[in-house]
Amino acid sequence: MSGQEPAAAAEAAPLGLSGAARAAELRAEVTARVAESAAAGVTVRLAVVVATEDESTAWYVRSIARAAGRTGIACDTVTLPPDATADLLRARLAELSADPAVHGVILQTPLPPGVAAADVAAAIAPDKDVDGANPLSLGRLAAGLPAFAPATAEAVVQLLDAHGVPLAGRTVAVVGRSTVVGKPLAHLLLDRDATVTVCHSRTAELASVTRQSELVVAAAGRPGLITAAHLAPGAVVVDVGTNPTPDGGLTGDVDAESVRSRAGALSPVPGGVGPITTALLLRHTVQAAGAAAATGAARPA
């Protein structure tokens, strides 16, 4: 690793990689495209399927609905019982996928006990799978074929681009191997010519791996996992963690106070990846509506 490159990245992306400005740009783009659809007689519509009574999930779904409303997207929350069966979830997702008035479908987690996300998400039509939950979407992403990437994974790349952090030729450690962030993000970074190492709970001597990287993405769901000991001087750090705190707030996977004097740049929690994630869900929905209109599949709502 070049001793100069992380410092250069820090100059391009000062400490504090806020997602607010990029999220605002995306929302403005979405608002304009939704207005164009409305002028053509089509109401862009997103459906969010929820089968949990988890309050943090309810808060997140409400935030999606509010963001959608501000852009003109109609957002329907489809509430199922917290003990819904896999068959019921699949049937509802298939029904929404077949509805020409619905352009985007999101399956919100957590799911009822015993229900596997990949199993039921396979019922979402890929062209409406705006959060990349269907395993087919992940497979197409890995193969370099058109597909909606999971919004959080794509948000990481959008955040780095917005702050001028270069990816080509960079060494990146992605800490976390979920199908929601870690795995799809690795493919997105590879497509941008980064050299990627995916770390996880069984990675031996995690710090020795991450210290070799110019960019570290923390997406393991473990509060404070990444400390100064995990970083090379000047490394760029993106914190994807959204861990609830006892006082009702959120904390990331990065010990921000520990890394602040060592990292060249750090995304905040909240306010980093999160705002872009929500904006991308809306962008994917309006893109899906546009594709449907182009193929004649869209109908006025």
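## Helix α7 and its helical neighbours

In this predicted model, helix α7 and helix α8 (residues 182-191) have axes that come within 8 Å and cross at roughly 35°. The crossing of these two helices is right-handed. On the α7 side the contact involves Ala153, Glu154, Val156 and Val157, and on the α8 side Pro184, Leu185, Leu188 and Leu189. Sorted by class, the contact of α7 with α8 comprises seven nonpolar residues, no polar residue and one charged residue.

Helix α7 also meets helix α11 (residues 273-294), the two axes coming within 8 Å and crossing at roughly 115°. Angles of 65 to 115 degrees count as roughly perpendicular, and α7 and α11 are therefore roughly perpendicular to each other. Their crossing is right-handed. From α7, the residues Ala151, Thr152, Glu154, Ala155, Val156, Gln158 and Leu159 take part; they meet Val273, Ile276, Thr277, Leu280, Leu281, Arg283 and His284 of α11. By class, the contact of α7 with α11 has eight nonpolar, four polar and two charged residues.

## The five-stranded sheet

An open sheet is built from five strands in the order β5-β4-β6-β7-β10, with parallel pairing. Strands β5 (195-199) and β10 (265-266) stand at its edges with a single partner strand each, so one side of each is left without a neighbour in the sheet. Strand β4 (residues 171-175) runs parallel to β5 and is joined to it by five bridges. Within this pairing, valine 175 has cysteine 199 of β5 as its bridge partner.

Helix α7 (residues 151-162) packs on this sheet, where it touches β6 (215-218) and β7 (236-239). The direction of α7 makes about 140° with that of β7.

## The three-stranded sheet

A further open sheet has three strands in the order β2-β1-β3, and its pairing is parallel. Its edge strands are β2 (74-79) and β3 (104-107), each of which pairs on one side only. From one strand to the next, the twist averages 20°.

Strand β1 (residues 45-50) and strand β2 run parallel and are joined by six bridges. Arginine 45 stands opposite alanine 74 in β2. Helix α4 (residues 86-98) packs on the sheet and touches β1, β2 and β3, its direction making about 165° with that of β3.

## Backbone features in loops

Most residues other than glycine have a negative phi, and most peptide bonds are trans.

Aspartate 193 belongs to the loop between α8 and β5.

## Confidence of the model

The protein averages a pLDDT of 92, and 94% of the residues score at least 70. Over residues 1-14, however, pLDDT stays under 50. For residues 1-14 the model has 26 contacts beyond four places in sequence. Where pLDDT is low, the predicted coordinates should not be read in detail.

Technical notes. Residues numbered from 1 in each chain as written. Predicted model: local features only at pLDDT ≥ 70, side-chain atom pairs only at ≥ 80, totals over all residues. Heavy atoms only, no water. pLDDT = per-residue confidence, 0-100. Contact = heavy atoms within 4.5 Å. Pairing = 2+ DSSP bridges. Helix = DSSP H or I, 4+ residues; strand = E, 2+ residues; numbered from the N terminus. Axes fitted to C-alpha atoms, helices over the stretch in contact; angles between N-to-C directions. Parallel < 35°, antiparallel > 145°, perpendicular 65-115°, else oblique. Left-handed = near helix turned anticlockwise from the far one by under 90°. Nonpolar A, V, L, I, M, F, W, Y, C, P; charged D, E, K, R; others polar.
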